Each structure stands twice: as structure tokens, then as C-alpha cells.
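Subject: Structure for you to look at

Hi there,

I am passing on the structure we talked about, and I would be glad if you could look through it when you have a moment. My notes come after it.

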Amino acid sequence: MPAEQLPEWTALAPAYILAATAMVLFVIDSIDPDSDNRNLLAGTAIVGTLASVGVATWFLLAWGSGTGPGPTITLFGEAVVVDGTSLFFTVIVTTVTALVLLASYDYLADDPHQAEYYSLIILAATGMVLMASSNSLATVFVSLELASLPSYALVSILKRNRGSSEAGLKYFLIGALSSAIFVYGISLVYGATGSLILSDVAAALDEGADGFEGLLGVGVVMLIGGFAFKTASVPFHFWAPEAYEGAPAPVSAFLSSASKAAGFVIAFRVFVEAFPLDVVAAMGVDWALMFQVLAVVTMIVGNFAAAVQSNVKRMLAYSSIGHAGYALIGLAAITGGNPGHDATVLGASMMHLLVYGFMNTGAFLFIALVEHWDVGRTFDDYRGLARTAPFASLAMAVFMFSLAGLPPFSGFASKYVLFLAAIGAGYWWLAAVGAVTSALSLYYYSRVVKALWLDDPIDGTPRVDSYPRGIYVAIIAAAALTVLALPAFGVGFDLAETAATALFE
Amino acid sequence: MAAFDFAPAIALLPFVSFLIALTVGKHLPKKGALPGIAATAGALLLSIWAVVAVAGGEYHHAVLYEWVAAEEALSFHFGILIDPLSAMMLVIVSLIAFLVHVFSLGYMNDEGEIGLPRYYAGLGLFTFSMLAFVYADNLLMAFMFFELVGLCSFLLIGFWFRERAPPSAAKKAFLVTRFGDYFFLIGVVGVFATFGTGMFASVNGFESFPELAEAALAGEADVNTFGFAAETWFSILGLLVLGGVIGKSAQFPLHTWLPDAMEGPTPVSALIHAATMVAAGVYLVARMYGFYALSPTLLAIIAFVGGFTALFAATMGVVKNDVKQVLAYSTISQYGYMMVALGVGAYVAATFHLMTHAFFKALLFLGAGAVIIATHHEQNMWKMGGLKDRLPVTYWTFLVGSLALAGILPFSGFWSKDEVLYDALLIGLENPIFLGAYAMALLAVFFTGFYTFRMVLLTFHGEPRSDHAENAHALGWNVKFPLVVLGVLAAVAGFINMKPVEDLTGAEILYLEYWLDGEYGAVEGLTYGAYNTLVADVSGLGAADIGPLLPGVIALAVAVAGVALAWVLYNDPEPEEHTARLGAVRDLWYNNYYQDEAQVWLARNVTLPLSRRADTFDQGVIDGVVNGVGSVSLTGGDRLRRIQTGLVTNYAALIALGLVVLLVAFAVVGGWF
């Protein structure tokens, strides 16, 4: 049956499926609270997520298969919207979730809180999918909290591990502060415009702000603060290295890929839909300029700090901050006057987030594998691992080179179109900063590859005692997606660009 | 089904045989020889088919793979151009490759050599690269395959890498030709930067760079000449490309690698270092002749380099004792003739000599190879002698090859060399400066006749002078078959362009000239007639009008004189070394004019100190800057790391501070209050 003929309410099916999966997990857990039947729990979660991935992909392809952009479906009094952008990010979030769940099967084999873990992951994913579909500042906030609250718990799921608990607490405290700033910003925007629905905000701004420009400006900066927290952009990034390092590695993968992408989609939608740049810039609220500052600072801080880490997981945490800087170019290089250019820039940024989702998840899952082996956390501990685990090490090399943006990997293609789009919009210096920091990033990414493949182990062969199937399958799948994203890049980029075009209309 | 549908297969067949030899060669009965023979035979048949199609009035151009397509028609691609010149060359290359593969059965397999899959893989890769070079449609592709044949040459010269000399010879060949290719590379970049294209022919909507250059000289096209006058800049480009030509075709002063390259297996010497790869340089000039024909300066340089090399190398060949060394110097000398021909606008003569030389020189090398097998790997001619009766097939075919090399009527070499000299004389009479090149080339004919027959007489005549020569063993069919085929060709190939006969009888028998002039079919502008017009009109080189008979007689007389002197001195059952009579000159020739020593001196006393300076600069300034940037990055990163204190209250404070800074900054910029 063609997707167009389904009733409108089914457009949110990916979110419904995830929510239903979470409910099923609750039911299982309430019937047998001490269940450690990993096959049943992980199986249910994975099946539900894969179903969601399938439906989202089907919808997205159906949406983009016509000549122009597909329909924009709004539900619940316009509070929720389903369009190309929301479907695109739903695919990113659910795919990452599926990979993370797969790896968690082995990683959390000895954890007593199986059912809690899986239902929290699924609930957070539901929140992220809803973030992608939020069309009102109210739903933006609610879904953001729905994604955040399970995340705090997930970071500290290893209750007996001091690092995990400490990271969870820090994440929660900073998250609470950021949520406060964010919701304050929403109230100020409401005060200035009298609406929470994004399109109504834009309509209200069209008629002028009636002397509330200052109020609006403060509100917008505070909103940016909230997004910057969720996307781990400087200066709201402090929680990220701690949380990623302390959390179980699959959770780090989940937060740094899916959660970040979800943070970006609300930023994209809110700023493009609610605050048309040409209108608000005339009021002195040039948010593109703010994002330019954030993008440059984030790229520099993330990459420079990553270069001096000795702990691989922490290096990846900073690198994920650096990548937030690249993705921010999507908003920073918007000019407001030229919808064609703006859609290209935004589409390139969306595509970078997609590719980044695959390669970054894969990289963190490799960390999960190494933590599973318990061989250590620093670059030195990684030395010579390729001898005992060549496949995983090869996949890690692919992730590293792709993250660094070397051809012939998809990370090169996504950075290339992103920087090219920025240059096309006239922001050559954004592209220049991006290129220079990418060059720097090659230094610390290649350190990992060098340690794995070229260096000799310090004391004999590293202790690798098992080859956990779940993590391996997840890593290989992530590597396959990273590699295949290159031949499929044209298709993906077309979709992203069409979705972005629809946002601007 | 047209002949050209299979054009890519001409080169790809040997590539397949390369892959087979490389992967499963050691499990095959003849270690990769049979796929090689099959592939080169297939390539030969397809090439002949292509020649037939070109004779039917067609030419072929196709772009196979475009890897960079930029704006304004700049295109980097692999493409095929089959016109009379390349079709002829395809046949020559695939024929000789085929025969050399067959010969290798006798020279390598039957002698029990080890490492044969590597050998046949090298031959296959070489044949592939050479064929692809021949029908490349643009300069960049030609350059890439030019390099690839160089690599194959390196690999095959060093085939016996466990011995002392071959690896060092391979290295030398690689480095010396690379030195020339470095200029070629700059030339390629220059051509693309100047014209935006490297196409040889204006076909399928492409514009060729020689035609653009011609138009630019006429003021009809606008090209980027980097501030030089167009003539000057084109001469510079031509000279840069000529660097590669001189290296590859072993012309003075980059000829020193070729004699050393004889350390490789003899069939390799026949294929690569005589008939085909060394021809690549000359072929390249012919391929882009429309460009060289525009500049009288370039033509004069080519003619003089060629004439000097012809004489210079021939003198060194006179005193050598190793049969392959004699042949190596004769090869250098003969390519000098082709350069002379190209320098005087004699496009047909150059191509003609390229073809006949490919046949008779491959024959001589294979003949020498046969002698080497028969005498249990003896290469010193003073330890041979008397092989005439023991190796009759080898003797007679070798004799045919020698007569052709010496330029004796009616063997093929006579006709082609005569035409070179005749054309040089015609230009020389009108433009006296070219007479110098003619004189050197003519004098070289004498030396050629002399060293050729000194070689024949020492090798085959007289009494055996060693046990090996006495006990020479019989040879198999796989050695004789290639010799006979090439022997026939070396005898009769000259008949396709007998200029003196045409002049005498008036019969229209200049088939090669008609072929290259596009009478059967050709790309417009890539014909002898078109080049002639360019040489005469643009370069302004007029030709005298005298008949070919008298020059022909002179050339023949000089050659016969050389042969006769050799006969007098060496036709003796127990010949003596007469070289001592030459006194100091002998030492000079024997030591190759101290060329190697000169080059080593240059490398030690000029290049090395310069390199040291550059290294100091690189280590100190360049690396200093790079390391500086690196340490600044790391220090900066370290500072950033310190902000991350681990205290969540600090983070909250920093976030609040960041927000306030942002708010104040944008409030001021936006004028909110």
C-alpha cells in the first residue's frame, strides 16, 4: 500500500512503535521484575526499533520519491508535524538506537537492571523522534525532557561504578540548569509574540515585535543556550566529556550520535520556521551571527581539546563536540535572502549528521568492545589490538578516517559538500576554520589507527578473551553503513536538500 | 561488429595475462608463458584488424573513462585514438611482444630459470602499458603509461635481483629516465595549464593542443602563455616534454642507462630496450608532431641531439667486447637517426626507421640471445667465433639483421636510413645549420657498418675461441621461429617505401608515405602533408630539390666502406684486437667518454651540496614552522583541557558566564535596549 494512502495519524507511526515497545518492556518487567532473560528483553527492544527504522525509511523514501517535496502533515492542533526533516532525523535516531541496542546485549550481560536499561533507551529514543516532529515550543520542551530524563538515568546505570554515578549526576545538574534557561527563553519568546506554535510565532514576528525586540533577543539567546546544551556545543559542552567518559560506551554512542542529532533537528526547525532570518535580523536579532560564533568556537575548542587527550573515549567525546561545530555551519551559513543556498547548506548539515551518526556510533561501539575486553582506556592500551581483533580494528580505522574526513570515506563527502555549501553562501572563513580543524583532527584520529595497527603492544599481546557477537555485528553494521553512505551519498543528499527546501517554504 | 569495438581489448588482453601470471602463474605448466603468448597473439590479431579498418578509411576515438571533468572543457580521461600512426605502432609492439614471449620459452623456461611467473607478469604488464601508451589520446594518459613502462623496465632489468649488477643497473635506468620524466611531468602540467587540454587530435568535439598552439601563433586563439611570447613559451613546453623523450629514447646526455640495462634477460632487452619502450620517446614526438613542427628552434635541437647521439654512440660501439653492449650502443645510435628525421620534418622517414629498426634490432637481440643460450651464457665476443656452422639458422637471420643495421641494399635498414639522410640533406642544403646534423649522421653510417660486421665476424666466423663456443648446443623451435619471422621482416620491410626506386621508375610505391599521409584514412591534421605544411610555413624550413639517387649512393658507399674495413681487419680465423692502434681514443671510447664519471661527479659535487642546503632549509624553516604550529595547537589544547576542572559548580558558573557574555555582546550588537 502506498504511504500516501495511509490515514494521517499513522504519520507518527515510528514514534508510536517505539512507545509501544517501551510499554511492552514495562509489561514484561512487571510480570517478572527480576528477569535477566536478555534474549527476550533485548530482542523485543531491537525488533521494535527495527520496525520503527523500517517504517521511517519507508515514509522518508515515499516522501522524497515525488518530483517536489512530499506533504507536510500536522497533528494535534499543529503541535506535531511530520515532514521530510522529521523523517530524516527519525531514521538517524532509530538507526543509531538499533545499533546501540545490538551492542548493549553483550555489554550489559552482567547488569542486574536489564529491563530498565532497554525501556529507558527506547523511551529516550521516543523523545528524540518526537523532538524531530515538534512544531510548537511546548512540544519541543516536553519531548526534549522526555529524551533527557532517561538519558540522565542511562549515564548512571552502572550504579556501583563511581564514574558512571558521578557522570550521571553532573549531567543531570547541568541539564537542569540548561532546561531552566531553555524554558525561560520559551517564556520570553511567548511574551514577545504571544504564541508557541512555530508558524504562529513567525506570523506574529512578520507583523513586527512592537518594541519587544529586546525581549525576543534575550529569549532567542536563551533558546540557543538550550540547544547548545543538547548538541554539546561550546560553551554548554562541559557535561559532555564527563558524561560520555563515565557512561557505559553504548550509552555514550547513543548520546553523542542520536541525542545530538535530535538537538540539531529542533534547532533547525525552530530557527528556520519560527524566526525567519530576514525578519528577525531586521529587528537586531541576527541568530545566524550567533551560530557563526558558536560554530567557530565549538570547532576550535572541540578539536584542540581532543588533540591532547590520552584517553580514547574522552578524545572521542571532544571530537564529537568538534563535529557539533561542523553541523552548526548548517545554521551559521544561512543568509536568509536566498532559499536555494540556505537549503543546500542546511541539507549538507543534515547529511553530515546522518553520516556522523553512523561513524561516531561505530567508534563508540568499538570503545564498548574494548571496555568489554577490559584492556584499558588510553592510546597505549590500544597498541597492537589489530593483531588479535583485525576485523574490529579495520572497522575502527574506517570510522577514524571517515571522521577525519579523508577520501574515499563518506565523512569526506559530507564535510566536502558542507564546506562547499558554506563557501557558496559566502562564508568561506567558516569553511576555512572547518578545514583547518579537520586537518588537526586527522592528528588525533590517526593516533588511534597507529596504535591499533602499527605499534607493538607494550607488554606482550593485549588480553582479548572473547569475540562478543552482538557488539561485533553492531560494529560491522556501522562500518558497512559508513562505507555504503558514500555510493548512496547522492540519494541521501538529494533527500536532505529537499527536506531542507520544504522547511524554508 | 566493428574492429574498433575491441580496441580496449588490445591493451587489456596482456593485462589479463599479467594478472594470471601474477596470481596463479606458479601453478601453470609454463609458468605464465602460455597466457602471455595467447594474449599477445590476440592483441596482434586485433591490431591487424584495426590496421585493416584504418586502411578502409576510418579512424577511431573513444573516451573510456573520465575521472575529472571540470568546467570549461578541461577533461582528464582515458581515451583511445587509433589513426594510421598508432595502428602501425600497435602492430609492431604486439608482434614483437608475441615473438619475445615465444622466444622466452627457449631463453627462460628451457634454461630452468626460477621466478618465471614474475618474469611473465612483468612482460604482460609492460605490453599492456606500452600498448595503452601507443593509443593514448591525450598527453596525461600518455605520461601515465610512459611512467608505467619505465617501471616495468626497472622490474625486468632487475629480474636477477640476487646478483650484484642487475639491481644497480635497474636503479640507474630508473633514476636516469626519471630525471628526464621530471621535465616531462612539468611539461604535461604546462600544456594543460596553457591549453586546457592535452588532446593529440581534434576529434569528437575536443580541440587538440597542437592545433590550439598553431592558432595561437597565428593570433586566432587566446592561450595563457604566462607572460612569454607565444613562440618562446611553446619552445619551453616542447623542451620540457623533450626531457622525457631524451631520457626514454636514450639520447645524449641521458643515454647512459641503456648499456647498463643489458643486465636484464636478453628477450627483455629485445622487447623493451630495443624495439618498443625506447621507441616511446620518438613515438611521443611523432604523436604530437603538430606541436614540434611549429618551432624551428625545437626542430633544430631535436636534429642536433639526434645527429650527435647517432655518431657519439656509434663510436663507442666500435670498441665493445660484449655482444649485447655493441647492440645497446647501436640502439642509441639508431634512435639518434629517428630524432634527426623528426628534427628535419621527415615524419615518414622517422616512422619508417622506427618500424624497420624495431624488426632488425629485435632480431639482432634475439639472435644474440640465441648465441648466448648456445654458448652457455657467454657474452664476450672474443670467446665466441665459428658459430656459423653450428647455428646456421641463427647465423643467417643474424646476418640479415646486420645487413639491415649496416644499411646495405636491399635490406630494410638501407631504405629507411637512406630516407632519413636524404630528407636531412634536403633541409640542410636550404638551411645550412642542419647540414651539421646530416654530416654527423652520415659519418655514423660508416661506424655502424664497421661495428656491425666486427660483431658478426667475431661471433660467427673464424675458429671457436673457447670451450663454450666449441660445444655450442642446438636450439629449439621456440628460438628459431621468432628469428625466422623477424629475419624475413628485416629483409623485406623496407620495400614498403623505396624512395630511390620510385624516383627512378616513377611507380607509385611509397605505401608508408601514403598511409601516413592519410590517403587511406586519418584524422584531419595528423597527416604527413599537414606536418609538412607546418614545417615549411610556420617554421620556415624550406627543402632543396634534388633527387634521392646520389645521396643514396653516397650513404651506401659509406656503409660499404665501414663493412669492408671490418672485413679486412677481422675476417681472420684468429682475429686480433686492433683497438690498441686507436691509442688514447680507444680508452676514451671504451670508457664511454667518461660520461658515467661525469654524471657521478655532477651528482656528488653539484646535486648533493644543493640537496644538503635544501634539507637544511626544510628541516630548519619548513619543519620549524610546521612543528611550531603543532606545538601551539597542543599547548592551546592543553589550556582548553584545564578549563575542564571536573567540578560541576565550575561548569555551571562557566555556562552562566557564557550565556551572559553572549547576551551582552548580542544585545550591544543588535541594539536591543
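Below is what I found, starting with the chains and ending with some local details.

Please keep in mind throughout that this is a predicted model.

**The two chains**

Chain A has 505 residues, and 64% of them are buried. Its secondary structure comes to 20 helices and two strands. Of the contacts in chain A with a separation of 6 or more, 81% are between residues 24 or more positions apart.

Chain B has 673 residues, of which 56% count as buried. Here the secondary structure comes to 28 helices and two strands. If you take the contacts in chain B between residues at least 6 apart in sequence, 80% of them join residues at least 24 apart.

**Where the chains meet**

The interface brings 23 residues of chain B into contact with 26 residues of chain A. On the side of chain B that touches chain A, helix 27 (595-643) and helix 28 (648-670) of chain B each supply at least two residues. Helix 28 of chain B gives the largest share of that side, with 12 residues. Sorted by class, the side of chain B that touches chain A consists of 14 nonpolar, seven polar and two charged residues.

**Helix packing**

I looked at one helix pair in each chain. In chain A, the pair is helix 1 (residues 13-31) and helix 4 (residues 114-133), whose axes are 9 Å apart and pack at an angle of about 160 degrees. Since an angle over 145 degrees counts as roughly antiparallel, helix 1 of chain A is roughly antiparallel to helix 4 of chain A. Their crossing is left-handed. From helix 1 of chain A, the residues that meet helix 4 of chain A include A:Leu18, A:Ala22, A:Leu25 and A:Asp29. Among those on the helix 4 side are A:Tyr118, A:Ile122, A:Leu123 and A:Val129. By class, this contact has 15 nonpolar, four polar and one charged residues.

In chain B, the axes of helix 3 (residues 84-109) and helix 10 (residues 266-275) come within 8 Å and cross at roughly 160 degrees. Helix 3 of chain B and helix 10 of chain B are therefore roughly antiparallel to each other. The crossing of this pair is right-handed. Helix 3 of chain B contributes B:Ile96, B:Ala97, B:Val100, B:Phe103, B:Ser104 and B:Tyr107 to the contact. From helix 10 of chain B come B:Thr266, B:Pro267, B:Ala270, B:Leu271 and B:Ala275. By class, the contact has nine nonpolar, two polar and no charged residues.

One further helix is worth a look. Helix 13 (residues 312-332) of chain A has 21 residues and reaches 30 Å from its first C-alpha to its last, close to the 30 Å expected at 1.5 Å a residue. It is largely enclosed by the rest of the structure, because 21 of the 21 residues of helix 13 of chain A are buried.

**Loops to check**

The loop between helix 8 (213-231) and helix 9 (239-246) of chain A holds A:Pro235, and a cis peptide bond joins A:Val234 and A:Pro235, with omega about 0 degrees. A:Ala232 also has its place in the loop between helix 8 and helix 9 of chain A. Its phi is near 55 degrees, a positive value in a residue other than glycine. A:Ala232 counts as buried because it has 29 C-beta neighbours inside 10 Å.

A cis peptide bond also joins A:Pro407 and A:Pro408, where omega is about 5 degrees. A:Pro408 is in the loop between helix 16 (390-404) and helix 17 (410-424) of chain A.

A:Asp374 is not a glycine either, yet has a positive phi of about 65 degrees. It lies in the loop between helix 14 (339-373) and helix 15 (385-388) of chain A. With 10 other C-beta atoms within 10 Å, A:Asp374 is exposed.

In chain B, B:Glu577 lies in the loop between helix 25 (549-570) and helix 26 (584-590). B:Glu577 is partly exposed, with 13 other C-beta atoms within 10 Å. B:Asn321 is 256 residues away from B:Glu577 along the chain, and their C-alpha atoms are separated by 9.9 Å.

Thanks for taking this on, and best wishes

Note on methods:
Residues numbered from 1 in each chain as written. Chains lettered and ligands numbered in written order. Predicted model: local features only at pLDDT ≥ 70, side-chain atom pairs only at ≥ 80, totals over all residues. Helix = DSSP H or I, 4+ residues; strand = E, 2+ residues; numbered from the N terminus. Buried ≥ 20, exposed ≤ 12 C-beta atoms within 10 Å, placed from the backbone. Contact = placed C-beta atoms within 7 Å. Nonpolar A, V, L, I, M, F, W, Y, C, P; charged D, E, K, R; others polar. Axes fitted to C-alpha atoms, helices over the stretch in contact; angles between N-to-C directions. Parallel < 35°, antiparallel > 145°, perpendicular 65-115°, else oblique. Left-handed = near helix turned anticlockwise from the far one by under 90°. Expected span 1.5 Å × (residues − 1).
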